[in-house]
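Me: I would like to learn how to read a few features from a model. Please give the general idea each time, then the case at hand.

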Amino acid sequence: MKYIPRILLTFLLFGCDQVENILKYKNKPADESDLHVNERIEALQPNYAPMYGRLPKTTDQILNDQLYVERMLKLKGDKRTASKSASRDGWYYFYKEKMDTAMFRFNQAWLLDSLYPESYFGFGAIREYQGLTQQAELFYLLAYKMDKSDTLTKHCLYQIAEIKERQEDTVGVLRAYQRVHSRFPDEGVAMSKLGYFYSQTNMPDSAIKYYDLTISFDSNNVQTYINRGWFYFSSKKHKEAIRDYSKAIEKDNNSISAHANRALVLMNDKEYEKAVSDLKQCILLDPKYPGFHKGLAECYFQLGQKGKACEEINIGIKKGGQFKELLKKYQCK
């Protein structure tokens, strides 16, 4: 019992300000407690909040803002260019998942030119990352309203989606490309990406929906045929997979991916003679890759052409393939 008063006294001596300093800002809050911590810190540190939290600034802060603007105008020439420069830094730190620093930079972009929409896209992306979806939507809507031509809107929304891809944030990727698709419903890239990432998250109905939608808008989208073909192959629908790979080859006979994937399906179906043709085309298109020789050797071996199988294995080995164990399998001399 003697120690309890000392603990309480120690806490009281810290004071409220020092307790606040112990709190740590969370770039991505995990629960309500983290959100409350962030709110308290943002109230004390306006740089952590969009548009500086709309809080009144001290004389020193106002002077520092003026000096920053003057320096940036001297370096960049005009407000718009300076704001774009600050936004580039904001996107960099957003990618690095340093949301406090990203917010600093987007606040600076807003300070330099509050009528340029890019900072609002930055605020929206950060708040969305932090789980504050209602705030995020408000900033996105502000940005849309300010970008009359939608040119910057398309650029920023795709940029956010691409960053989510690099961060390997599948949920964030789907949300980002859904946003692009909602704003630009005829954008083939967004539709194709949605198909691919829904297939990656094992949501077959959504995957097929967006693959089909992409092809209906752009029947020459080779990559979507390839992606849908892989989806069908993974779903054990080999006939449909071969159909899509064949369509991709019809559109682009130089697509290594289409030929290689069709060969894989044909080999799974024991259609070795047909697979040989695709693998030979792959070798013509990429003569340095040893793996195609391994596949071709397997086809020849299954067709009872042991001599050709051994020849292909030796060619693959010379190109750097680690296939020596196959020499025994094929009983090569």
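Me: Where is Lys270 found?

Reply: Lys270 is in the loop between helix 14 (256-268) and helix 15 (272-285). Helices are DSSP runs of H or I with at least four residues, strands are runs of E with at least two, and both are numbered from the N terminus. This is a predicted model, in which local features need pLDDT of at least 70, side-chain atom pairs count only at pLDDT 80 or more, and totals for chains, interfaces and linings use all residues. Residues are numbered from 1 along each chain as its sequence is written, and side-chain values use heavy atoms, with hydrogens and water left out.

Me: What is phi of Lys270 near?

Reply: Most residues other than glycine have a negative phi. Phi of Lys270 is near 65 degrees, a positive value in a residue other than glycine. Lys236, in the loop between helix 12 (222-234) and helix 13 (238-251), also has a positive phi, of about 65 degrees, and is not a glycine.

Me: Is Lys236 buried or exposed?

Reply: Buried means under 20% relative accessible area, exposed over 50%, and partly exposed in between, with a 1.4 Å probe and protein chains only. Lys236 has 72%, so it is exposed. Lys270, at 62%, counts as exposed too. Asn38 in helix 2 (residues 32-44) counts as buried because its relative accessibility is 4%.

Me: Which residues does Asn38 touch?

Reply: Contact means heavy atoms within 4.5 Å. Not counting residues up to four places away in sequence, Asn38 touches Tyr25, Lys26, Pro29 and Gln130.

Me: How is the length of helix 9 checked, and what should its 14 residues span?

Reply: The expected span is 1.5 Å times one less than the number of residues. For helix 9 (residues 170-183) that gives 20 Å, and its end C-alpha atoms are 20 Å apart, which agrees.

Me: Which residues of helix 9 are buried, and what do they pack against?

Reply: An α-helix has 3.6 residues a turn, so residues three or four places apart point the same way. The buried residues here are Gly172, Val173, Leu174, Ala176, Tyr177, Arg179, Val180 and His181. They pack against helix 6 (118-129), helix 7 (133-146), helix 8 (151-166), helix 10 (188-200) and helix 11.

Me: Where is Pro204 found, and how far is it from Ala82 in space?

Reply: Pro204 belongs to helix 11 (residues 204-217) and, at 38% relative accessibility, counts as partly exposed. Pro204 and Ala82 are 122 residues apart in sequence and 45 Å apart in space, C-alpha to C-alpha.
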